[in-house]
Amino acid sequence: MIIQGLFNVLNPLTFLLLIVGTAWGITAGALPGLSASMAVILMLPFTYGMEAIQSIVVLVGVYVGAMCGGSITAILLKTPGTPSAVATTFDGYPMALKGQAAKALGIAITASAFGGIFSGLVMVVSAPILAVWALKFQSAEFFMLALLGLSCVASIGAKFPFKALVSAAVGLLVSTIGLDAISGAERYSFGQPFLMNGIDYIPVMIGAYALAEVYRSIAIGVGNRKKIEKDKTVKTEIVGLGHIIKHWIVYLKSSIIGTIVGIIPAAGGSIAALISYSEAVRSSKHPEEFGKGSEEGIIASEAANNAAVGGSLVPTLVLGIPGGTVTAIMLAAFTMHGLIPGPLLLRNQPDILYSILFGILFSSILLFILGIFIARQFSKIVKLPYPFLATIIIALGIVGSYSLKNSLNDVIIMFLFSFLGFAFDQYRYSVSAFILGLVLGPIAENGLRKQLMVSEGNWLTFLTRPISLVILIITLISFLTPIFRAARQRKKYEGINV
Amino acid sequence: MEIVFDLFIALVLVGFIVGGTMISADTVASDLLGAGGFPIIFAIFALVMLAVNHVLQTRRKSETQDHGLTREGLKKALFIAVALLVYIVVLSRLGFIISTFVLCFAVVRLVGYPRNLKAMLFSFVLTATLLIIFGKIFYIALPRGLGFIKELSFFIY
């Protein structure tokens, strides 16, 4: 079965298609406004004429490539190419500003490859068990996961924790704009139809990060960019095995988190990356370095979002339940070729599982070659004179925002939130915490309210459900650790003064 | 200026609280928080955090951050924001090609690139690239404008 799976992927045509799929995924993932799901959807028609396994392997390659590709523009332009790369922006861009763009890209590619390979192996070894376990996740667990993601706010805003909390709260508030998912009530939409669906976080991110950064660079006289431009040839500096060994804990933990979160239906790479980042901040000996160019920040984000790929395929293959938008599209691809994912498929055609595993493995390895090449093409953009670079960022931001729903309203939202991002940056609020609140707000609110409804108002339900309780304990540890650490530091220095 | 911004945030938070109380309370019986509960809770939480931060900052008398902003730079940033605003207003009227070309040229010149010809060439290449990638490869329905501009656009994308 394993050998058959390997031969399926090593078929020359299939392998060539995998290379094309991965390259396409990286390129599409790098372009803001084009998500991994869009990259997969656009590839889908080309797979109609392929054999079933070829088709699935190609789509897996696109998925793996897109999850990695988002980090390229996140690092070079502070514009995450995909939502799952938002946490990569926190440390990738500051690293680029220090003249270490090449290293940041290398770390992102290595971490993506590691996460992808790890989750592929986990998928094969434990798919049936994990799928059953994932179905135990209900509203309470989703609420706790969102809290876990939010728990890193105190660490993100280490110097100004209260302002970080305000920023996160503002993000949570903005996420409530629109129609309430439970009661259907209009909230803060002022009768405007375009606000009834809520505010999409992608144009907000593009505005608050990329556009705000353009304003800032221009306002300070573009001196900041000189460090990136000095890097005459921004090649990708591939970090070797030594780097993985040095940071093995972060690599491993992030991959585990990404795989587990990816398995949970509707959780996805962006949530996996944020939770993984949160955990990396909490457990780091130097949390103050996060947000300023910490290598571990990039590892945590990229390993987790690529690990979510294998994880999301678990419920899709084993139970026929898509783990997210991309896997829903893959489910369509399965159906088109007459395959019905589920226990019967795995029993009758087990080589499919192994073909997908090898598809993920080879695609992750191809990230090193293709990722370097494509990143180098994108990095030529940063060598341009700043007026040209600023224009590219603005134009990409506009088209990226517009592309989401073919709507000018998203461009307006991007424009408005660019001022918020600029002001937050100037007055020491945290844009990262704001985005965290915006992304996790709906999950937190809906999880909380639905669980209370199901339990008929019983708050203890969050403590009596074992998985929920475990996540709550981890969240409390995550939230309190930086506070205790800061108190210990203060005590230590008081002792020295005495 | 920081205090002004903090006040602005406080005003927004109060707005969320007031708005939250006006949200329809009709919901499922066992929905304890209702549609307005979550926003009100977090708005109050944020106000408290803002107040605590203000008190601590006043006590610490923390030094003002040097933002490194220059008057000239701020003016340029403001002009770019205005250019963007104009772009948003005219985009649906003039269509993607004309609006984007003009915006790109305006931004390049506003940021300080001195040469008109090169700026125009760059704007043309960028607009064309975006049109090809997003309009033709990804089939994004880019704005076409009105009247004869719209008719002309069908020849291109």
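## The nonpolar core

In this predicted model, the largest nonpolar core holds 210 residues. A:Ile72, A:Met123, A:Tyr215, A:Ile356, A:Ile394, A:Phe434 and A:Ile435 touch the most other members. Such a core is a set of buried Ala, Val, Leu, Ile, Met, Phe, Trp, Tyr and Cys residues joined through side-chain atoms within 4.5 Å; buried means under 20% relative accessible area with a 1.4 Å probe, protein chains only. Helix H4 (residues 52-77) of chain A gives the largest share, 17 residues. Helices here are DSSP runs (H or I) of at least four residues, strands (E) of at least two.

A:Ile435 contacts A:Val86, A:Val204, A:Met205 and A:Tyr209, leaving aside neighbours within four places in sequence. Contact means heavy atoms within 4.5 Å.

## The interface

Chain A brings 65 residues to the contact, and chain B brings 69 residues. Together they bury about 6,000 Å², 80% of it on carbon and sulfur atoms. This is accessible area (1.4 Å probe) lost on being put together, summed over both parts.

Two salt bridges cross the interface of chain A and chain B. Each needs a side-chain nitrogen of Lys or Arg within 4 Å of a carboxyl oxygen of Asp or Glu. B:Glu2 and A:Arg428 form a salt bridge at 2.9 Å, N to O. On the side of chain A that touches chain B, H20(A) gives the most, with 13 residues.

## Reading the model

Residues are numbered from 1 along each chain as its sequence is written, and chains are lettered from A in the order in which they are written. Local features need pLDDT of at least 70, and side-chain atom pairs pLDDT 80 or more, while totals for chains, interfaces and linings use all residues; side-chain values use heavy atoms, without hydrogens and water.

Note on methods. Buried area = accessible area lost by both parts, 1.4 Å probe. Buried < 20%, exposed > 50% of the residue type's maximum accessible area, 1.4 Å probe, protein only.
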